[in-house]
Amino acid sequence: MASSPRTLQRRLGEHGTTWRAEVDRARHARARRLLSSGLTAEAVAARLGFSDDRALRKAFHRWSGHTPAQERRALARQDRYAARADLGTGAARP
């Protein structure tokens, strides 16, 4: 990034964020993508560098207020709803 750690820290602070917050945001977004692709929590945890799926569950709950399994179900409902809307089958229930 062609800057010292302190300069990066200061610039992130100017934008109201921290390195840890940005890493968490990126991990959360990637976890959501991986969960929506059908991977297990264990596989997602491994890909994101967590020690095990329990650590992923704890972090995911901190990020979103719910578990990876709840997220997977919500994403599946959204996909079904979007598919119904694309097919024009009328109002779909979430």
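User: What should I know about the numbering and the values before we start?
Analyst: Residues are numbered from 1 along each chain as its sequence is written, and side-chain values use heavy atoms, with hydrogens and water left out. Since the model is predicted, local features need pLDDT of at least 70 and side-chain atom pairs count only at pLDDT 80 or more, whereas totals for chains, interfaces and linings use all residues.

User: What makes up the protein, in helices and strands?
Analyst: The protein has 5 helices and 0 strands, where helices (H or I, at least four residues) and strands (E, at least two) are DSSP runs numbered from the N terminus. From that end, the elements run α-α-α-α-α.

User: How do you know whether the protein is spread out or a compact globule?
Analyst: Its radius of gyration is 17 Å, well over the 12 Å that the globule rule gives for 94 residues, so the protein is more spread out than a compact globule. The radius is taken over C-alpha atoms, and the rule is 2.2 Å times the number of residues to the power 0.38. The C-alpha atoms fill a box of roughly 55 × 30 × 25 Å along the principal axes.

User: Why is Thr 17 called buried?
Analyst: Buried means under 20% relative accessible area, exposed over 50%, and partly exposed in between (1.4 Å probe, protein chains only); Thr 17 has 14% relative accessibility, so it counts as buried. Thr 17 lies in the loop between helix H1 (5-14) and H2, and, not counting residues up to four places away in sequence, it touches Leu 12, Glu 22 and Arg 25, contact meaning heavy atoms within 4.5 Å.

User: How do you know that the length of helix H5 agrees with its number of residues?
Analyst: The expected span is 1.5 Å times one less than the number of residues; for the 20 residues of H5 (residues 68-87) that gives 28 Å, and the end C-alpha atoms are 28 Å apart, which agrees.

User: Why are the buried residues of H5 said to line one face of the helix?
Analyst: The buried residues of H5 are Pro 68, Glu 71 and Leu 75. Seen down the helix axis, they fall within an arc of 50°, so they line one face, the arc being that of the directions from the axis to the C-beta atoms. What covers them includes helix H2 (19-36) and helix H4 (53-64).

User: Which residues does Leu 35 touch?
Analyst: Not counting residues up to four places away in sequence, Leu 35 touches Val 44, Phe 60, Pro 68, Glu 71 and Arg 72.
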